[in-house]
Amino acid sequence: MPVRFNHTIVAAKDKVRSAQFLAELLGLPEPERAGHFVVVKLDDGASLDYAEPGGDFPGQHYAFLVSDDVFDGLIARIRERGIQHWADPRGQHPGEINTHDGGRGVYFQDPSGHYLEAITVPYGGR
(Lines give C-alpha, C1' and ligand atoms only; values in the text may rest on other atoms or scores of the structure.)
Protein backbone atom coordinates (compact mmCIF):
# COMPACT_ATOMS: atom_id res chain seq x y z
CA MET A 1 0.00 0.00 0.00
CA PRO A 2 1.31 3.47 -0.80
CA VAL A 3 1.59 6.00 2.00
CA ARG A 4 -1.62 7.97 2.37
CA PHE A 5 -2.75 10.57 4.84
CA ASN A 6 -5.51 9.17 7.07
CA HIS A 7 -6.47 11.70 9.76
CA THR A 8 -5.34 14.42 12.10
CA ILE A 9 -6.71 15.84 15.31
CA VAL A 10 -7.68 19.51 15.09
CA ALA A 11 -7.85 21.51 18.32
CA ALA A 12 -11.01 23.59 18.58
CA LYS A 13 -12.62 25.99 21.01
CA ASP A 14 -16.00 24.51 19.97
CA LYS A 15 -15.50 21.27 18.03
CA VAL A 16 -19.05 21.11 16.69
CA ARG A 17 -19.01 24.70 15.44
CA SER A 18 -15.56 24.37 13.82
CA ALA A 19 -16.35 21.02 12.17
CA GLN A 20 -19.67 22.29 10.82
CA PHE A 21 -18.02 25.48 9.55
CA LEU A 22 -15.51 23.51 7.46
CA ALA A 23 -18.00 20.91 6.21
CA GLU A 24 -20.53 23.54 5.17
CA LEU A 25 -18.04 25.80 3.41
CA LEU A 26 -16.45 22.92 1.47
CA GLY A 27 -19.77 21.24 0.71
CA LEU A 28 -18.83 18.09 2.64
CA PRO A 29 -21.17 15.70 4.48
CA GLU A 30 -22.43 16.62 7.94
CA PRO A 31 -19.72 15.95 10.56
CA GLU A 32 -20.14 12.78 12.62
CA ARG A 33 -19.47 12.15 16.29
CA ALA A 34 -16.87 9.47 17.03
CA GLY A 35 -16.17 9.14 20.73
CA HIS A 36 -15.16 12.58 21.95
CA PHE A 37 -14.30 13.74 18.42
CA VAL A 38 -16.42 15.43 15.77
CA VAL A 39 -15.17 14.11 12.43
CA VAL A 40 -15.17 15.79 9.03
CA LYS A 41 -14.58 13.23 6.30
CA LEU A 42 -12.87 14.40 3.14
CA ASP A 43 -13.60 12.94 -0.29
CA ASP A 44 -10.32 10.99 -0.37
CA GLY A 45 -11.11 9.10 2.84
CA ALA A 46 -8.93 11.21 5.14
CA SER A 47 -10.54 13.02 8.04
CA LEU A 48 -10.14 15.96 10.36
CA ASP A 49 -11.07 14.88 13.88
CA TYR A 50 -12.03 17.93 15.94
CA ALA A 51 -11.43 17.90 19.71
CA GLU A 52 -11.58 20.46 22.51
CA PRO A 53 -8.27 20.24 24.41
CA GLY A 54 -9.04 23.21 26.65
CA GLY A 55 -6.70 26.12 27.16
CA ASP A 56 -5.00 28.14 24.48
CA PHE A 57 -3.45 26.66 21.36
CA PRO A 58 -1.79 28.25 18.35
CA GLY A 59 -3.65 28.50 15.07
CA GLN A 60 -2.51 25.90 12.56
CA HIS A 61 -2.56 25.94 8.76
CA TYR A 62 -4.70 23.46 6.81
CA ALA A 63 -4.70 23.56 3.01
CA PHE A 64 -7.20 21.78 0.76
CA LEU A 65 -6.85 20.95 -2.92
CA VAL A 66 -10.34 21.36 -4.37
CA SER A 67 -12.04 21.15 -7.74
CA ASP A 68 -13.17 24.29 -9.55
CA ASP A 69 -16.80 23.48 -8.68
CA VAL A 70 -15.99 23.15 -4.97
CA PHE A 71 -13.99 26.40 -5.10
CA ASP A 72 -16.92 28.20 -6.75
CA GLY A 73 -19.26 27.02 -3.98
CA LEU A 74 -16.72 27.84 -1.26
CA ILE A 75 -16.09 31.39 -2.43
CA ALA A 76 -19.84 31.98 -2.88
CA ARG A 77 -20.53 30.79 0.70
CA ILE A 78 -17.62 32.87 2.07
CA ARG A 79 -18.99 35.99 0.39
CA GLU A 80 -22.63 35.27 1.32
CA ARG A 81 -21.66 34.91 4.97
CA GLY A 82 -19.33 37.90 4.98
CA ILE A 83 -16.35 35.78 6.05
CA GLN A 84 -13.08 37.67 5.87
CA HIS A 85 -10.76 36.15 3.28
CA TRP A 86 -7.51 36.97 1.51
CA ALA A 87 -5.57 36.16 -1.63
CA ASP A 88 -2.39 35.71 0.40
CA PRO A 89 -1.28 34.17 3.70
CA ARG A 90 -0.23 37.52 5.17
CA GLY A 91 -3.66 39.05 4.63
CA GLN A 92 -2.39 41.90 2.49
CA HIS A 93 -5.05 41.38 -0.21
CA PRO A 94 -8.39 41.22 1.64
CA GLY A 95 -11.53 40.22 -0.21
CA GLU A 96 -9.53 38.77 -3.10
CA ILE A 97 -8.49 35.36 -4.41
CA ASN A 98 -5.20 34.48 -6.09
CA THR A 99 -4.49 32.82 -9.45
CA HIS A 100 -1.18 31.13 -8.66
CA ASP A 101 0.02 28.32 -10.95
CA GLY A 102 -2.94 28.83 -13.27
CA GLY A 103 -5.52 27.97 -10.59
CA ARG A 104 -7.34 29.85 -7.87
CA GLY A 105 -6.70 30.10 -4.15
CA VAL A 106 -8.11 31.71 -1.03
CA TYR A 107 -7.20 31.98 2.66
CA PHE A 108 -9.65 32.34 5.56
CA GLN A 109 -9.88 31.55 9.27
CA ASP A 110 -12.11 29.09 11.07
CA PRO A 111 -13.93 29.86 14.35
CA SER A 112 -11.00 28.47 16.39
CA GLY A 113 -8.41 30.67 14.69
CA HIS A 114 -6.93 28.12 12.29
CA TYR A 115 -5.75 29.38 8.91
CA LEU A 116 -7.50 27.54 6.11
CA GLU A 117 -6.52 27.60 2.46
CA ALA A 118 -8.24 26.22 -0.61
CA ILE A 119 -6.44 25.90 -3.95
CA THR A 120 -7.52 24.44 -7.27
CA VAL A 121 -4.01 23.66 -8.54
CA PRO A 122 -1.15 22.35 -6.37
CA TYR A 123 1.82 24.65 -5.86
CA GLY A 124 4.15 24.39 -8.82
CA GLY A 125 1.24 23.28 -11.01
CA ARG A 126 1.89 19.63 -10.28
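This is a predicted model: local features need pLDDT of at least 70, side-chain atom pairs count only at pLDDT 80 or more; totals for chains, interfaces and linings use all residues.

Biologist: How many helices and strands does the protein chain have?

Modeller: Helices (H or I, at least four residues) and strands (E, at least two) are DSSP runs, numbered from the N terminus. Here there are 2 helices and 8 strands, in the order β-α-β-β-β-β-α-β-β-β from the N terminus on. The radius of gyration of the protein chain is 15 Å, close to the 14 Å of the globule rule for 126 residues, so the chain is as compact as a globular protein of that length. That radius is taken over C-alpha atoms, and the rule is 2.2 Å times the number of residues to the power 0.38.

Biologist: What share of the residues is buried?

Modeller: Buried means under 20% relative accessible area, exposed over 50%, and partly exposed in between (1.4 Å probe, protein chains only). In this chain, 40% of the 126 residues are buried.

Biologist: Which residues are closest to the centre of the largest pocket?

Modeller: On a 1 Å grid over the protein atoms alone, a pocket is an open set of points with protein on both sides within 12 Å along at least five of seven lines, while a cavity is a set where a 1.4 Å probe fits but cannot get out; lining residues have an atom within 4 Å of a point. Points are joined across faces, edges and corners, and a volume is the space filled by probe spheres set on them. The largest pocket has a volume of about 360 Å³. Of its 15 lining residues, Leu42, Asp44, Ala63, Phe64 and Leu65 are the closest to the centre. Strand S5 gives the most to this lining, with 4 residues.

Biologist: How many cavities of 30 Å³ or more are there?

Modeller: The search finds 2. The largest has about 50 Å³ of space, and its lining includes Asn98, His100 and Tyr123.

Notes. Residues are numbered from 1 along each chain as its sequence is written. Side-chain values use heavy atoms; hydrogens and water are left out.
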